[in-house]
Amino acid sequence: MTAPPGPAQAMLELRSVSAVYGPYRALFEVSLTVPAGAVVALLGPNGAGKSTVARVASGLVRPTAGRVLLDSVDVTGWPAYRIARRGLLHVPEGRAVFGSLTVQENLRVGLAARVGRRALGAAIDRAWTSFPLLADRRNQLAGTLSGGQQRVLSLAKALAAAPALLVVDELSLGLAPAMVDAVYGGLQDARDAGTTLLVVEQQVDRALELADAAVILAHGSVSWAGPAAEAAAEAASLLDATSGSDDSDGGRPQEADDLPAGQGLVNGP
Ligand SMILES: Nc1ncnc2c1ncn2[C@@H]1O[C@H](COP(=O)(O)OP(=O)(O)OP(=O)(O)O)[C@@H](O)[C@H]1O
Ligand SMILES: [Mg+2]
């Protein structure tokens with residue numbers, strides 16, 4: 001027997017969410033659902049509002065209207081730390097690692113508090129299995145990793161905490177193909193282990209290979225939502241129409257270009 005999809009099975013639900021940055025309206029009545037155990041890709045061109053949706057979900061941006069539900073609990077307006085405590089982990093754009101700590105120390109920091117000391121070893125072992133490139137570098141200072149490797153480490157840190165819902169924002173941006181493979185391999189493992197995922201991406205193909213469903217944003221509104229298998233054509237026409245101007249809107253920091261030397265970036269400055 002399969003129950004009809006409904007709010008009880010939604011891990012994350014945004015209902016008619018609007019959000020602003022000062023006088024600028026970034027989201028207009030955005031509604032989307034991430035069912036428990038599913039992977040939803042959030043797609044759209046630069047400036048569409050993808051990161052803002054991620055920030056609203058994790059409590060970094062407070063919506064001006066609408067509701068946010070996490071596992072059926074109304075968390076609208078909750079501070080980010082309380083939402084994180086309920087199982088939502090957000091890996092924002094860019095990297096968040098401690099450069100003067102080793103890879104292994106980075107994984108341990110914060111993790112003991114989340115998973116408990118007894119589960120720490122097993123959580124770290126899972127990270128080594130999912131991310132062999134980190135296992136090979138476990139005693140290396142994180143600051144000496146390439147930008148792509150640091151990005152993989154920030155994902156590994158988040159996944160080691162076994163979140164109920166992981167929100168990742170453009171993890172593959174600017175990464176060499178091998179690092180993109182590592183990122184998506186880790187996300188696939190997380191998905192197989194039952195983690196619910198909201199994957200913000202501009203790299204449509206990889207995200208849709210992983211996703212069950214997709215939501216396409218344009219100009220702060222949902223322009224399309226449906227099964228991942230049907231999303232590629234929609235995304236292609238939308239992105240073709242809007243993304244030919246690269247980063248000329250000037251609105252985004254280029255986060256993957258300030259890296260230590262020698263990491264094989266595909267789109268350095
Ligand atoms: N901190 C901020 N202050 C003011 N405006 C912002 C801020 N962050 C984002 N914006 C604006 O809000 C809109 C949506 O931005 P957002 O970062 O959510 O888009 P995005 O889809 O994630 O874009 P990108 O693909 O470039 O990451 C953009 O017009 C952006 O310039
Ligand atoms: Mg963004």
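Two residues are in contact here if their C-beta atoms, placed from the backbone, lie within 7 Å. By that rule Leu153 touches Val97, Val103, Asn106, Leu134, Ala142 and Leu145, not counting residues up to four places away in sequence.

The model is predicted: local features need pLDDT of at least 70, side-chain atom pairs count only at pLDDT 80 or more, and totals for chains, interfaces and linings use all residues. Residues are numbered from 1 along each chain as its sequence is written, while chains are lettered from A and ligands numbered from 1 in the order in which they are written.

**Overall build**

The protein has 10 helices and 10 strands. Helices (H or I, at least four residues) and strands (E, at least two) are DSSP runs, numbered from the N terminus. Of its 269 residues, 42% count as buried. A residue is buried if 20 or more other C-beta atoms lie within 10 Å of its own, exposed if 12 or fewer, and partly exposed in between. Among contacts with a separation of 6 or more, 69% join residues 24 or more positions apart.

**Core**

In soluble globular proteins, nonpolar side chains tend to be buried together. A nonpolar core is a set of buried Ala, Val, Leu, Ile, Met, Phe, Trp, Tyr and Cys residues joined through C-beta atoms within 7 Å. The largest one here has 77 residues. Val40, Leu198 and Val199 have the most contacts inside it. Beyond its neighbours within four places in sequence, Leu198 is in contact with Leu12, Val34, Val40, Leu42, Ala57, Leu165 and Val167.

Helix α1 (residues 50–58) is mostly covered, with nine of its nine residues buried. Lys50 and Arg55 are among them. Gly59 follows α1 and has a positive phi, near 90°.

Leu153 sits in helix α7. Leu153 is buried because it has 24 other C-beta atoms within 10 Å. Its C-alpha is 9.3 Å from that of Val183, 30 residues away in sequence.

Two packed helices are described by the angle between their axes and the distance between the axes. Axes are lines fitted to C-alpha atoms, for helices over the stretch in contact, and angles run from 0 to 180 degrees between N-to-C directions.

The axes of α7 (residues 147–160) and α5 (residues 117–130) come within 9 Å and cross at roughly 140°. That makes α5 oblique to α7. Angles under 35 degrees count as roughly parallel, over 145 as roughly antiparallel, 65 to 115 as roughly perpendicular and the rest as oblique. From α5, Ala123, Ile124, Arg126, Ala127 and Ser130 make the contact; from α7, Ala156, Leu159 and Ala160 do.

α7 and α8 (residues 177–192) pack at about 10°, with axes 9 Å apart. So α7 is roughly parallel to α8. Gly148, Gln149, Arg151, Val152, Leu155, Ala156 and Leu159 in α7 meet Met179, Ala182, Val183, Gly186 and Ala190 in α8.

| Residue | Phi |
|---|---|
| Ala162 | near 50° |
| His219 | about 50° |

Ala162 is in the loop between α7 and β7 (165–169). With 20 C-beta neighbours inside 10 Å, Ala162 counts as buried. His219 lies in the loop between β9 (213–218) and β10 (221–227). His219 is partly exposed, with 15 other C-beta atoms within 10 Å.
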